[in-house]
Structures are given as structure tokens and as C-alpha cells.
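Good morning, colleagues. Please turn to the sequence and the model on the screen, and I shall take you through the main points.

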Amino acid sequence: MQPLAPLAVTMGDSAGIGPDITLAAWMVRKQRVLPVFATFGDPAVFCARAAQLGWAVPVKTIDEPGDAAAVFADALPVVPVTPCFDVVAGRPQARNAKATIAAIDDAVRAVQYGTAAALVTCPIAKSVLYEAGFKHPGHTEYLAHLAQAAADDGRAIMAVMMLACDLLKVVPATIHIPIADVPKALTAELLRQTITITLASLRNDFGIAKPRVAVTGLNPHAGENGSIGGEERDIIAPVIADLKAVGHDVTGPFSADTLFHAAARKTYDAVVAMYHDQALIPIKTLAFDSGVNVTLGLPFVRTSPDHGTAFDIAGTGKASPESLIQALLMAEAMAIARANAAL
């Protein structure tokens, strides 16, 4: 296999902690083995943030990610995008949304063209982008849109969110919707696609030859045979039975309150949960500072830190780079596994 290309890291919202954690991650390169990465963003933002933080980080402008390897040891390599205007840490501005989106667009193109091995995105603020006219529900949906626009085989792309750490991988079947809307949104087809994409990713991105997926119920005690709700009986159990019938190791539905302790975690490789908090509470309890957000179902590898823009601490030096570091390491490992799976 050819050497892995550098990773593409997006700036995120220029007023958030994206620049802070990118600078901090680069600074630990001599203490920890990190993959080479190129940052897509405004070089002036990184220079100004480094000065504000009192960090001696040289910034080197490069033309493409492939140039990063030659400078990474001595400087943070930045592929320039649309410049930002009067960036103040902690004070987001809609007029800088253009640069945020340009960083995503250019980094995705680099991954699609093969000049970058994987995409690692720093946090964005959807409300700021909406103010500037952004039409997509969120970061992941926008990446799926870009992937779909470039698809040449007519296959519909469905993006699935996974939260991952060394101890646990969880996938919520429904994500950013009110709890009251979950039962209606939880269809058999959605659940079947989510589990199928999760199984494929465990094989191709994580190198698990025979992946095991456990599935939660929706209701307390997984519905107790329909006495506390019928979704398990009518939707979840039939999907699991269908997948098992074609040879997949899928089990459940399990009561979510019994599925995340240490002994239970040894019985599966990932959990598909029914809604956002059911999935995210256990992993944020286990790995609050080091969890990684992974997007499954895309034709390229994408990871990101499992946190937001944290405007309140941007520019203070208080933001931990650990989740970004783990996102870089996981993106590298996934890119290698995916390349091996394609051989």
C-alpha cells in the first residue's frame, strides 16, 4: 500500500476553539506520534490566535495537502481559503461563515481527489451559518450533500453518526429531533439502513471481520413485551430478525439501562440506540474529553471532535485538544483500514 496522504483538517468557526485546538494538537507532535495534517482555513486567523495565546507556532501557507509533510515538523501547514474579517475569539460573525464553508468545501475536494487521506472537521456553529443563509440542517448533512453531488454511481448516500472511543462505539438511529418526534421518525427502513451502514463501517473502517451490533429498545425495559410500548415488538425486533436471517450478528432489542456496563460492552462491537441522549450519555460519561464523532456512510473518512465551538473559552488556552487528537488518530486508522479493505 502506498504511504498515507496527509489528513485534511478544517478550521471550523474562526471565532471558536477550532484554531486553538488545531494549534495545540500540532504542538504535541514531538511528544505523541500524530499523523501529518494540513489545515484548511485563513492563515491569518491561526497566526493571530497563536499570538493571543502566547504560543510560538510558525504558520506556513501551502498549496495543497501533499505539501504538508515537508513542513509539518517545523510549522503548522495551512491551505488558505476565503479570508476572514476582524476575527475576535469568542465573538462569531455571520460574515465569516463564507470562510467556514469554504474550508469544508476545499477539504472535501482534497479528500475526493485523493490528495488528502481523510477529513477531520473542527466545530462549526449552525446558528451563525443559518444567519448567513446556510440551508442544510447541520455539518454532517452538508457533507452528505457534497458527497452526493460528486457521486457518479447513482447510489443514494445516507450519513450515519457514530460516537466512538476505546471503550464504546454508539450510533443513534435518530439524532437532532425532539423526543416527542422519535417514535414517528423511527421506521423499520431507517433502522435497517442505520444498522446495515454500521455493520459495513465496522468491517471496512475498523477492520472487524465479523462485527457484532447490539440494538437498544425505545421504551423502558425494552417495552416489556408491549406492556410499556409497542415499538420494540412492531418495528425493532422484526428488523433485527430480518438481519439475523441473512447472517448478520445483530442482537436485541435490549433495555438501554443494562447495555453499557463493562461486562455488557464485551458482548458487542457497537450499539445502535434509538435517540440522541440514549446513545450520547454513556459515551460522554466514559470519554467526555476524548470521544470522537465519526460519520458513517460517506465515500470518504470523516471524523471530528465530540464537542462544539465553545465560544466562551476560545482564545483563553483552556480548550483541550484531546478530542481532536483522538479524531486525527482515528481518521488515520480508518483510512488505513478502508484502504486495506479495498485491496
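Cys 165 has a relative accessibility of 8%, so it counts as buried, the cut-off being under 20%. This is a predicted model, and it holds 0 disulfides. Cys 165 is accordingly in no disulfide, and the nearest cysteine sulfur, that of Cys 122, lies 20 Å away. Cys 84 is in no disulfide either; there the nearest cysteine sulfur belongs to Cys 47, at 12 Å. With 13% relative accessibility, Cys 84 also counts as buried.

Let me turn to the chain as a whole. It contains 12 helices and 12 strands. The radius of gyration is 20 Å, close to the 20 Å that the globule rule gives for 343 residues, so the chain is as compact as a globular protein of that length. The C-alpha trace spans about 60 × 45 × 40 Å along its principal axes.

How much of the chain is buried? Buried residues account for 52% of the 343 residues. Of the contacts between residues at least 6 apart in sequence, 73% join residues at least 24 apart.

In α11, residues 276–286, the buried residues are Gln 278, Ala 279, Leu 280, Pro 282 and Ile 283. Which strands do they pack against? Their partners are β6 (160–164), β7 (169–172), β8 (212–216) and β10 (270–273).

Finally, the surface and the charges. The accessible surface comes to about 14,900 Å², and 54% of it belongs to carbon and sulfur atoms. The chain carries 26 positive and 32 negative side chains, and the centres of these two sets lie 2 Å apart.

Definitions and conventions. Residues are numbered from 1 along each chain as its sequence is written. This is a predicted model: local features need pLDDT of at least 70, side-chain atom pairs count only at pLDDT 80 or more; totals for chains, interfaces and linings use all residues. Side-chain values use heavy atoms; hydrogens and water are left out. Buried means under 20% relative accessible area, exposed over 50%, partly exposed in between (1.4 Å probe, protein chains only). Helices (H or I, at least four residues) and strands (E, at least two) are DSSP runs, numbered from the N terminus. Contact means heavy atoms within 4.5 Å. The radius of gyration is taken over C-alpha atoms; the globule rule is 2.2 Å times the number of residues to the power 0.38. Accessible areas come from the Shrake-Rupley method with a 1.4 Å probe; for residues, only the protein chains shown count as cover. Lys and Arg count as positive and Asp and Glu as negative; His and the chain ends are not counted. The place of a charge is taken as NZ of Lys, CZ of Arg, CG of Asp or CD of Glu. A disulfide is a pair of cysteine sulfur atoms within 2.5 Å.
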